[in-house]
Amino acid sequence: ITAAVDARRAGVLSPLSRDLLQTLHACYLDPQHAHLPGEPGFGDALSWATQPVRGASSCLASLGGETYEPFDYLLDHAQATGSAHPVPAAAWPVLLTCAAPGDMPSLAIAAHDAGHPDISESAFRRSAGAGDASSMCNLGVLLEAAGRPPEAARWFRQAAGAGHVRAMGHLGVLLDAAGRREEAEEWFR
């Protein structure tokens with residue numbers, strides 16, 4: 001259940017596959033108890049999590065096709081009370097590998113906010129590589145902040161070429177700082 005809630009908190013907004021949850025849940029197991037004989041396995045835990053609690057909803061809703069989502073009140077509670085722990089560092093690479101392509105922009109932003117710039121950059125690269133102009137621009141911002149302006153300019157230029165207005169402004173600023181004022185003016189216009 002915690003793995004599913006944390007996947008949502010980390011920007012994975014698509015239905016969560018059984019495979020994703022099974023891979024992710026290992027990040028939450030106490031290593032001393034993870035492989036003890038007689039302990040419930042992942043299938044038992046998933047079955048328990050999808051059963052209604054005292055006549056109410058289940059903690060995980062089965063969406064069919066072996067996909068699930070945490071019940072909204074769990075995510076709301078974690079966010080509203082501020083009691084949510086950080087998403088474990090070991091979960092971020094799993095989410096990056098297993099999340100749907102459409103979740104990459106939100107995963108990238110959540111990873112950046114959580115202090116995982118490497119995961120953020122990788123997620124933005126996947127999304128930008130698939131043609132998402134906003135991700136191209138955001139990747140440029142990330143690279144510029146990391147002190148990599150030539151690479152940032154390439155992504156800004158690609159996003160600007162796709163009509164992304166914010167990228168045009170960022171590209172203009174970079175060009176102006178490099179002393180290329182006429183070219184910068186064209187992008188500002």
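User: Which residues of helix H5 are buried?

Analyst: First, a heads-up: this is a predicted model, where local features need pLDDT of at least 70, side-chain atom pairs count only at pLDDT 80 or more, and totals for chains, interfaces and linings use all residues. Residues are numbered from 1 along each chain as its sequence is written, and side-chain values use heavy atoms, leaving out hydrogens and water. Helices are DSSP runs (H or I, at least four residues), numbered from the N terminus, and buried means under 20% relative accessible area with a 1.4 Å probe, protein chains only. In H5, residues 91-98, the buried ones are Ala 91, Trp 92, Val 94, Leu 95 and Leu 96.

User: What covers those buried residues of H5?

Analyst: Here we look for contact, meaning heavy atoms within 4.5 Å. The cover includes helices H1 (2-9), H2 (18-25), H6 (104-113) and H7 (117-129).

User: How many disulfides are there?

Analyst: A disulfide is a covalent bond between the sulfur atoms of two cysteines. The rule used here asks for a pair of cysteine sulfur atoms within 2.5 Å. For Cys 27, the nearest cysteine sulfur belongs to Cys 98, 9.7 Å away, and for Cys 59 it belongs to Cys 27, 20 Å away. The count by this rule is zero.

User: Is Cys 59 buried or exposed?

Analyst: Exposed would take over 50% relative accessible area. Cys 59 has 12% relative accessibility, so this residue counts as buried.

Key:
Helix = DSSP H or I, 4+ residues; strand = E, 2+ residues; numbered from the N terminus.
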